Amino acid sequence: MSTPRYADQDALVVENVVKRFNAASQPWWRHWFRRSTNGQESPNGASKPLKARRGKELITAVDHVSFTVKRREIFGVLGPNGSGKSTLIRLLSTLLLPDEGTVTVFGLDVEKNEMQVKRLINRVSVEAAFFKKLSPKENLLYGARLYGVSGAEADRKAREILKRLGLRESSYTSPMEDMSRGMQQKVAIARAFLTQPILLLLDEPTTGLDPRSKLEVQSFVNELRDVHDATILITTHDMNEADALCDRIAILDDGKIVAMDTPEGLKQSINRNGHAPTLEEVFMELTGKALVEKDDLEDFEPEKVLT
C-alpha cells in the first residue's frame, strides 16, 4: 500500500489518554459532546470525574499517556502484566474509546474517523480470534477481501508467509480448531502482514512461537518498514526482540509511561558499575517488577510451542 498522502504526517499521536474500567455508564449525549469537543468535556479542559459502578472499584488502566510515533518508526512498549499495554493497543485500534484525551492515526481521529482509521491499521493480538471451524486458508482469504485484496493474490501471499513461518502445507486447509496455539498465532501474524497496513499494531505477537519463527516475524516487521513504508508499534516481553527491532521504547508501569528513549539511551540512563546494563536491568530499575510473572511461567506449555 503506497502512502504518499501521509508522507508528511506523524503516524500516531497519543495525547493525554486515559482509560478506566468499572465506571458507571454515561448518558449517550456526553459521549457525543466529548467527540465534538476533541476529548474535552468542559471549556476549561477539565473532564467530569467518572464514578465507579456500585460495588466496584474504579480501575485506571491507562493513565494520561502521551507519545508520538513518526512514520516508518518501530516503536516498542514494554511493561509487566497488568501495566496497560493491551488496553493501550485496543485504544489505538478503535476497539476501545478513551475516557479522556485523543488518538490520531496519520491525522485522523480514531473516534471521529473510525472507519478511515481501520483501513490504515491492522492488529495482531495474543488472543487472536478466528472462525475455528474454517481453515487458515479460508480465514485468511476472508480477512484479505475485507481490505480489498483479491483472492488469488491473498492465497499466494498467505502461502508464502506461512511457509516462512514454518506452517506445514497440510495445515493450510485443515480446521483451525485442530491447531496448537503457536500455529494459530502464525496464522494471525500472516493475516496482518497479508494486507500490508501502513500502521501495524503488534500485541505480544511472538508469544507461543519457537525461536526460528520469532526471527522470521522480526524479519517480516523490518521488511514491512523498509519495503512498504509501514509504521509498527509492538508490545513484547522479549527483551532481545525489543532491542533488535525498536527505534524507541516506552516503558509502561501502572498505566503510566515511566521512561521513553532509544534502547541505547535507556541503557545509558542507569549505572551498573562499569558494565553495560541490559534492557531487562533497565526495566527492573525503573519499575521494580519482573516482565513475566511466576504464574505465567507455570502456565507455559512448551509442548504446544514445539508442535
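1. A word on the basis. This is a predicted model, in which local features need pLDDT of at least 70, side-chain atom pairs count only at pLDDT 80 or more, and totals for chains, interfaces and linings use all residues. Residues are numbered from 1 along each chain as its sequence is written, and side-chain values use heavy atoms, with hydrogens and water left out.

2. Strand 3 and its partners. Strand 3 covers residues 74–78; here helices (H or I, at least four residues) and strands (E, at least two) are DSSP runs, numbered from the N terminus. Strand 3 is joined to strand 9 (residues 248–253) by 4 bridges, and the two run parallel. Another 4 bridges join strand 3 to strand 8 (residues 231–235), again in parallel, and on that side Gly76 stands opposite Ile234. Two strands are taken to pair if DSSP finds at least two bridges between them.

3. Burial in strand 3. This strand is mostly covered, with 5 of its 5 residues buried. Buried means under 20% relative accessible area, exposed over 50%, and partly exposed in between (1.4 Å probe, protein chains only). Ile74, Gly76 and Leu78 point one way, Phe75 and Val77 the other, and all are buried.

4. You will find 4 strands in the order 2-1-4-5, with antiparallel pairing. Its edge strands are strand 2 (59–69) and strand 5 (108–109), each pairing on one side only. Strand 1 (residues 12–21) is joined to strand 2 by 7 bridges, and these two run antiparallel. Lys19 stands opposite Val62 of strand 2.

5. Helix 2 against the sheet. Helix 2 packs on the sheet and touches strand 1, strand 2 and strand 4 (100–105), contact meaning heavy atoms within 4.5 Å. The direction of helix 2 makes about 120° with that of strand 1; axes are lines fitted to C-alpha atoms, for helices over the stretch in contact, and angles run from 0 to 180 degrees between N-to-C directions. Because 6 of the 8 residues of helix 2 (residues 85–92) are buried, the helix is largely enclosed by the rest of the structure. Among the buried ones are Lys85, Ile89 and Leu92. Just after helix 2, Thr94 takes a positive phi of about 75°.

6. A glycine in strand 4. Gly101 has its place in strand 4 and is buried, with a relative accessible area of 8%. Its C-alpha atom is separated by 4.2 Å from that of Val17, 84 residues apart along the chain.

7. Aromatic pairs. The structure holds 3 of them. Rings of Phe, Tyr and Trp (its six-membered ring) pair if their centres lie within 6.5 Å; planes under 30 degrees apart count as stacked, over 60 as edge-to-face and the rest as tilted. Phe67 and Phe75 are stacked, at 5.0 Å centre to centre with 10° between the planes, and both residues are buried. Phe131 and Tyr142 are edge-to-face, at 5.4 Å and 80°. At 45% relative accessibility Phe131 counts as partly exposed, and so does Tyr142 at 46%.

8. Charges over rings. The charged end of Lys19 sits over the ring of Phe21, 5.8 Å from its centre. Arg164 lies over the face of Phe220, at 4.0 Å from the ring centre. The criterion is NZ of Lys or CZ of Arg within 6 Å of the ring centre and within 35 degrees of the ring normal.
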